Protein chains: 2
Amino acid sequence: MRHRRRTGNEIKAALRDLRIQLALLNHQVGGELALKDVDLDCLDILARDGSLTPSVLARRAGLHPATLTGILDRLEDAGWIARDRARPDRRSVTIRVLPDRGMEVFRLYQPMMSAMDDVLADYTEAELELIATFLRRSAAAGERVLGRSAVES
Amino acid sequence: MRHRRRTGNEIKAALRDLRIQLALLNHQVGGELALKDVDLDCLDILARDGSLTPSVLARRAGLHPATLTGILDRLEDAGWIARDRARPDRRSVTIRVLPDRGMEVFRLYQPMMSAMDDVLADYTEAELELIATFLRRSAAAGERVLGRSAVES
DNA sequence: TCATATAGTATGGATCTCATAAGATATGGA
DNA sequence: TCCATATCTTATGAGATCCATACTATATGA
């Protein structure tokens, strides 16, 4: 059917707009916290995946290991993370996110969270489930695509 | 109802994951095109909003005017944009996105577009409309939130 | 006409990125 | 065990980027 394709394109366009908007929002929040965009991205990945080693985080974030060292130095100095050296492999380091500054971040994202609550209030429970599943599938799709091209290179 | 709140939080979490994934994907695409993340963001904003002046784009992207000059220099040198000086106000410049390199970008985003098509194939037309509306509302919410805090500062 | 405001860009110092190298540790075979 | 090689992280330094400031050109309004 023709409508399906058109709606699909609208979804992709809306997704692009949403990405921009979330990027700008993050940029603004980062500014208040004196964090570069990439610093926030790293913190976000750590929050999602839990403690990682620098090499794994660098690969996952698409950054050069030496670049990540600089980022971790900044994050450590500002009290966002700690570097632990107590693993079976003593070359390795574990990055641990400190809870100390969590409330600051929470406060800065609060306006967007409230705005999202307003959006969500218009939907039924079943519709919310549908949306949640769609978002998870889209994220997983992104992960698959990224994983494939990472393997090739 | 308790379920609503939980599902809402799941949506927010999924949105966070999706944001990360799209950021990483953009970072990867940018790498192939020798573009910084912020360069791609600017191109994306221009694609969304049409031709803009440097000052407007700088404000919209949350960047210092001098920073944007550097970005525009890069984009111009690489053949992404042109700077036009033909407006009523002769101090002003209009940034125009050139179509020349559009196909390159299209090709690089193609894998993600295909992956999204696979995701979308599981939904009915009505469900797709629901999702599209949700995404548009979320983007609009982000815009409102950002607009408010921009006014304050 | 001219004082002031605005758009965009040049300048230069601080900061960031990353290729390379170095140091520390691990691993596997002789 | 000993050692060659690989791996993890970080130091170093050159080049790129960011941005406060200053500057030029143009506009606006008294």
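Student: How do the residues of the surface near DNA strand D divide by class?
Tutor: They divide into 7 nonpolar, 6 polar and 8 charged residues. Here Ala, Val, Leu, Ile, Met, Phe, Trp, Tyr, Cys and Pro count as nonpolar, Asp, Glu, Lys and Arg as charged, and the others, Gly among them, as polar. A residue is near a strand if one of its heavy atoms lies within 4 Å of it. Please note that this is a predicted model, in which local features need pLDDT of at least 70 and side-chain atom pairs count only at pLDDT 80 or more, while totals for chains, interfaces and linings use all residues. Residues are numbered from 1 along each chain as its sequence is written, chains are lettered from A and ligands numbered from 1 in the order in which they are written, and side-chain values use heavy atoms, with hydrogens and water left out.

Student: Which residues come nearest to DNA strand D?
Tutor: Of the 21 residues around DNA strand D, the nearest are A:Ser55, A:Arg91, A:Val93, B:His64 and B:Thr67. Of the atoms of DNA strand D that come within 4 Å of the protein, 69% belong to sugar and phosphate.

Student: And which helices supply that surface?
Tutor: Helix H3 (54-61) and H4 of chain A, together with H4 of chain B, each supply at least two residues of the surface near DNA strand D. Helices (H or I, at least four residues) and strands (E, at least two) are DSSP runs, numbered from the N terminus.

Student: What lies 3.1 Å from a phosphate oxygen of DNA strand D?
Tutor: That is a polar side-chain atom of B:His64.

Student: Now DNA strand C. Which residues are closest there?
Tutor: DNA strand C is surrounded by 21 residues, and the closest are A:His64, A:Thr67, B:Pro54, B:Ser55 and B:Arg91. Sugar and phosphate make up 68% of the atoms of DNA strand C that come within 4 Å of the protein. The side chain of A:Thr67 has an N or O atom 2.8 Å from a phosphate oxygen of DNA strand C, and for the side chain of A:Arg74 the corresponding distance is 3.4 Å.

Student: What about a base oxygen of DNA strand C?
Tutor: A base oxygen of DNA strand C is 3.3 Å from an N or O atom in the side chain of A:Arg91. By class, the surface near DNA strand C has 7 nonpolar, 6 polar and 8 charged residues.

Student: Next, the two protein chains. How many residues are in contact?
Tutor: On chain B, 62 residues are in contact (heavy atoms within 4.5 Å) with 62 residues of chain A. The two chains bury about 6,300 Å² between them, 68% of it on carbon and sulfur atoms. Buried area is the accessible area (1.4 Å probe) that two parts lose on being put together, summed over both. B:Arg4, B:Arg19 and B:Gln21 supply 11% of the area that chain B buries against chain A, more than any other three residues.

Student: How many salt bridges cross that interface?
Tutor: There are 10 salt bridges across the interface of chain B and chain A. A salt bridge is a side-chain nitrogen of Lys or Arg within 4 Å of a carboxyl oxygen of Asp or Glu. One of them joins A:Arg136 to B:Glu10, with the closest N and O atoms 3.5 Å apart. H1(B) gives the most to the side of chain B that touches chain A, with 22 residues.

Student: What about salt bridges over all chains?
Tutor: The count over all chains comes to 28. Among them is the pair A:Arg6 and A:Glu10 (3.1 Å, N to O). These two residues are 4 apart in helix H1 (residues 2-32) of chain A, and are therefore separated by about one helical turn.

Student: How many aromatic pairs does the whole structure have?
Tutor: A search finds 2 aromatic pairs over all chains. Rings of Phe, Tyr and Trp (its six-membered ring) pair if their centres lie within 6.5 Å; planes under 30 degrees apart count as stacked, over 60 as edge-to-face and the rest as tilted. The rings of A:Tyr123 and B:Phe134 have centres 6.1 Å apart and planes at 75 degrees, so this pair is edge-to-face.

Student: Why does that pair join two chains?
Tutor: A:Tyr123 lies in the loop between helix H5 (102-120) and helix H6 (125-152) of chain A, whereas B:Phe134 lies in helix H6 of chain B, so the pair joins two chains.

Methods. A polar contact is a pair of N or O atoms within 3.5 Å; within protein, one must be able to donate a hydrogen and the other to accept it, and residues adjacent in sequence count only if both atoms are side-chain atoms.
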